[in-house]
Amino acid sequence: MSRNVLVLAEIRDGGIRSVTFEALGAARLAAEGGTVNVALLGAGVSVHESALREQGADRIYKVEHEALRHYTPDAYTQAFAALLKETAPDCVFMGHTAIGKDLAPRVAAKFGWGLISDVTDIALVDGELVFTRPIYAGKAFQKKKTTEAVVFATIRPNNIQVGKPDASRISETVDFKVEFTDLRSTVRHVVRQSLGRVDLAEAKIIVSGGRGVKSVDGFKPLEELADVLGAAVGASRGACDAGYCDYALQIGQTGKVVTPDLYIACGISGAIQHVAGMSNAKIIVAINKDPEAPIFKIADYGIVGDLFEIVPLLSNEFRSALI
Ligand code: FAD
């Protein structure tokens, strides 16, 4: 059964977020020979058309408008809802990101559709779409089919393989106009606290610190290791609560959910609420001076010892290996 799929392209810091390409891969699978449309919303977004085409878009609906330069719930809901009416999709995919988590339920509710959120895998089984998503804070996974007329899903970053770009693909671009009404909010400037590092949600490697780092300065060896590896820095709530780092770094049930290839947990005990945010990492390395720490139960590699000795040793080793 061929399907008509609509994917939201999400732009951040001047580039398309990789979760959009993951959603496009899922869309190509779900389309089964049908059409993959992409909603490209923003101001000055034409530069992104080729990347979307090469990753699987058949038709790009471009909505250029100053009101879409930065995300606002009002403007994006109006533009995306207009595109849903225009394209009449069978499936709608977007990232399970701050934008996707805000926009998807708004639009799904507006149309009276259900929503499958935080999807980590999509498969075709006997021609039906089966969605996998975590439940019980990541302790179990649920496989879901839906009988909804339109399947609406948000996709967790870093879980679905991005296909190889194909420069020979062709796509059509439609300049789609939206008449905005009653926009209640305008973003004038975005002032971002710059941590100057890789985005946690999309990082392939994360070096994370817990209460065991003991101070703000205690994070420095972890930051050094992260710099050597091109990694993001994360933290447990214990470290955030103690004031050693910003809450933006918190990973876990009430923080960010991450799925890197490599997660290095330093001085983190492995409380269930922390594990809920990182247990899907492909390889987990734990450094803890307590051999009984629960983090070792889920770690692929465990190092029992003082993080202040081990982390600098790792930095030196990786630095010389990577030269
Ligand atoms: P601790 O449990 O104190 O562990 C510190 C570890 O460091 C110990 O294992 C110790 O052996 C080790 N250590 C100490 N010194 C060294 C050293 N020099 N070298 C090596 N190891 C050392 N937590 C989260 O992380 N994320 C969440 O999203 C989250 N949400 C929560 C939601 C709720 C509703 C509740 C109730 C709790 C939540 N928590 C969350 C808190 C969670 O229960 C734990 O309290 C927290 O994860 C503990 O942080 P920690 O592992 O850094 O600290």
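Biologist: What covers the buried residues of helix α4?

Modeller: The cover includes strand β1, helix α3 (73-87), strand β6 and strand β11. This is a predicted model, in which local features need pLDDT of at least 70 and side-chain atom pairs count only at pLDDT 80 or more, while totals for chains, interfaces and linings use all residues. Residues are numbered from 1 along each chain as its sequence is written, and side-chain values use heavy atoms, with hydrogens and water left out.

Biologist: What makes a stretch of chain a helix or a strand here?

Modeller: Both are DSSP runs numbered from the N terminus: a helix is H or I over at least four residues, and a strand is E over at least two. Helix α4 covers residues 98-111, which is 14 residues.

Biologist: Which residues of α4 are buried?

Modeller: They are Ile99, Gly100, Leu103, Ala104, Val107 and Ala108. These residues cover an arc of only 120 degrees around the axis, so they lie on the same side of α4. The arc is taken from the directions that run from the helix axis to the C-beta atoms. Buried means under 20% relative accessible area, exposed over 50%, and partly exposed in between, with a 1.4 Å probe and protein chains only. Ala98 and Ala109 are exposed, on the face of α4 turned away from its buried side. After the helix comes Gly112, with a positive phi near 75 degrees.

Biologist: Why is Leu6 called buried?

Modeller: Its relative accessibility is 0%, so Leu6 counts as buried. Leu6 lies in strand β1.

Biologist: Which residues is Leu6 in contact with, leaving aside its neighbours within four places in sequence?

Modeller: Contact means heavy atoms within 4.5 Å. The residues in contact with Leu6 include Asn37, Val38, Phe80, Leu84 and Phe93. Asn37 is also the bridge partner of Leu6 in β4.

Biologist: What makes β1 and β4 a pair?

Modeller: Two strands pair if DSSP finds at least two bridges between them. β1 and β4 have five bridges and run in the parallel sense. β1 (residues 5-9) also pairs with β6 (residues 91-95) in the parallel sense, over three bridges. There, Val7 has Phe93 as its bridge partner. Helix α1 (residues 18-31) packs on the sheet and touches β1, β4 (36-42), β6 and β11 (151-155). The direction of α1 makes about 175 degrees with that of β1. Angles run from 0 to 180 degrees between N-to-C directions, and axes are lines fitted to C-alpha atoms, for helices over the stretch in contact.

Biologist: What is the order of the strands in the open sheet?

Modeller: Its seven strands have the order β7-β11-β6-β1-β4-β5-β12, with parallel pairing. β7 (116-119) and β12 (172-175) each have a single partner strand, so each stands at an edge with one side left without a neighbour in the sheet.

Biologist: Why is β4 described as largely enclosed?

Modeller: Seven of its seven residues are buried, so the rest of the structure largely encloses β4. Val36, Val38, Leu40 and Gly42 point one way, and Asn37, Ala39 and Leu41 the other. In a regular strand the side chains alternate between the two faces of the sheet. Six bridges join β4 to the parallel strand β5 (residues 59-64), where Ile60 stands opposite Val38.

Biologist: How many residues of strand β13 are buried?

Modeller: Five of the five residues of β13 (residues 205-209) are buried, so β13 too is largely enclosed by the rest of the structure. β13 is joined to the parallel strand β15 (residues 262-266) by five bridges. It also pairs in the parallel sense with β14 (residues 232-235), over four bridges.

Biologist: What makes Thr132 buried?

Modeller: Its relative accessible area is 8%, so Thr132 is buried. Thr132 is in strand β9 (residues 128-135).

Methods: The expected span of a helix is 1.5 Å times one less than its number of residues.
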